[in-house]
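Here's a quick briefing to read alongside the structure. Have the viewer open and follow along topic by topic.

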Amino acid sequence: MTESTHVLPSNFYALLIGIDYYLPNSLYKNLQGCVKDINLVADYLQKALKIPTEKIFKLTSSHPNGLETVRSQDSLPTYKNIIETFKTITEIAQPQDRIYIHYSGHGGRALTIYPELKGEGQYDEGLVPMDVGELEGHYLRDVEIATLLKNMTDKQLTVTVILDSCHSGGATRGDCDIRGSESPDLAQRPADSAVASRDQLIRNWQILTEGNIDSLAWLPPSKDYVLLAACRPTEYAYEYNVNGKDRHGALTYWMIDTLSSTTSSINYKSLHDRITAKIQSKFPSQLPMLFGEAERLVFGSDRISTQ
């Protein structure tokens, strides 16, 4: 990449979440490529963009018998830790700072705890923290994520979100794994939230959706941030042994591969198009989705149109 691509005049903070190991549960099997995804992204940010280590917040869960060990409980991607890290970055960042959020792990669909928003018997989409299998285990639900991101954009932070996970559904196929469960979670889960009060969560969701949400989107579409998701709601997000070597999520691997081999600045629309071509050559049924400021420069704030 050219030197101009590396210039980041404002502060840059990254929240990188990778979950291979889940506490025992009946829905979400352990994965193999999520922590490798996060290490790949962190390495790129540090080497290509010169982001200091202290501005990269990593929450990872490796297999207990893996080579990588967890340094402290604070670095585990539990429901509590994910939310607290979101809040920490929001607090320390200043207007116009750039926030990059990358999640590799299971996505899930659970019986809604917001029937007044979704309807009785409907579902919340969400990310699956490593401790979802505990008795009082929580999902990080779409309604909560929407408020976490709104808090960032209300502070005029420039936000990018990458979700390398399924919305829901999936099974193992050959040498590939699916980042999602085989069925929705119908269990009665706790209705409390560590993000905000229930009234505030509901009010923010109503403001963001205005009574409507794109059925293809994880979250209410917003012009205030970029969201790149691994696949459409009815599709699978694959992880596989790339070139017969390390296992990675298809979205993460081809994103970093594309950026590493690009010699000039590109916007998210161009990045999405190039990633999609690579992924569909391997997995025709996985179509990445892009929402938000598609013409914004990758890792930047300026906009360039796509020819």
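**Strands, sheets and helices at a glance**

I17 stands opposite L59 in β2. That's one pair in a predicted model, whose protein chain holds 7 helices and 12 strands. Of the 307 residues in the protein chain, 56% are buried. Take the contacts between residues at least 6 apart in sequence: 73% of them join residues at least 24 apart.

**The six-stranded sheet**

- The order β2-β1-β3-β7-β9-β12 gives an open sheet of 6 strands with mixed pairing.
- From one strand to the next, the twist averages 10 degrees.
- β9 (residues 225–229) pairs with β12 in the antiparallel sense, over 4 bridges.
- V226 has G292 in β12 as its bridge partner.

- How many of the residues of β1 (residues 12–19) are buried? The count is 8 of 8, so to speak a mostly covered strand.
- F12, A14, L16 and G18 point one way, while Y13, L15, I17 and I19 point the other way, and all are buried.
- β1 and β3 (residues 98–104) run parallel, joined by 7 bridges.
- Within that pairing, A14 stands opposite Y100 in β3.
- β1 also pairs with β2 (residues 56–61), in the parallel sense and over 6 bridges.

**The three-stranded sheet**

- There's also an open sheet of 3 strands, ordered β4-β5-β6, with antiparallel pairing.
- Its edge strands are β4 (107–111) and β6 (140–141), and each pairs on one side only.
- β5 (residues 123–127) and β6 run antiparallel and are joined by 2 bridges.
- Look for G126 and you'll find R141 in β6 opposite.

**Helices lying across strands**

- α4 (residues 142–154) lies across β3, β7 (158–164) and β9, and runs at about 155 degrees to β7.
- α7 lies across β7, β9 and β12, and runs at about 170 degrees to β12.

**α1 against α6**

- The axes of α1 (residues 34–48) and α6 (residues 250–261) come within 10 Å and cross at roughly 20 degrees.
- α1 and α6 are therefore roughly parallel to each other, and their crossing is left-handed.
- On the α1 side the contact uses D37, L40, V41 and Y44, which meet T252, Y253, I256, L259 and S260 in α6.
- Sorted by class, the contact of α1 with α6 has 6 nonpolar, 2 polar and 1 charged residues.

**α6 against α7**

- α6 and α7 (residues 268–282) pack at an angle of about 125 degrees, with their axes 9 Å apart.
- That angle makes α6 oblique to α7, and α6 passes α7 in a right-handed crossing.
- From α6, A250, L251, W254, M255, T258 and L259 meet L271, R274, I275, K278 and I279 in α7.
- By class, the contact of α6 with α7 has 8 nonpolar, 1 polar and 2 charged residues.
- L259 turns up in both contacts of α6, meeting residues of α1 and of α7.

Note on methods
Residues are numbered from 1 along each chain as its sequence is written. This is a predicted model: local features need pLDDT of at least 70, side-chain atom pairs count only at pLDDT 80 or more; totals for chains, interfaces and linings use all residues. Side-chain values use heavy atoms; hydrogens and water are left out. Two strands pair if DSSP finds at least two bridges between them. Axes are lines fitted to C-alpha atoms, for helices over the stretch in contact, and angles run from 0 to 180 degrees between N-to-C directions. Angles under 35 degrees count as roughly parallel, over 145 as roughly antiparallel, 65 to 115 as roughly perpendicular and the rest as oblique. A crossing is left-handed if the near helix is turned anticlockwise from the far one by less than a right angle, and right-handed if clockwise. Contact means heavy atoms within 4.5 Å. Ala, Val, Leu, Ile, Met, Phe, Trp, Tyr, Cys and Pro count as nonpolar, Asp, Glu, Lys and Arg as charged, and the others, Gly among them, as polar. Buried means under 20% relative accessible area, exposed over 50%, partly exposed in between (1.4 Å probe, protein chains only).
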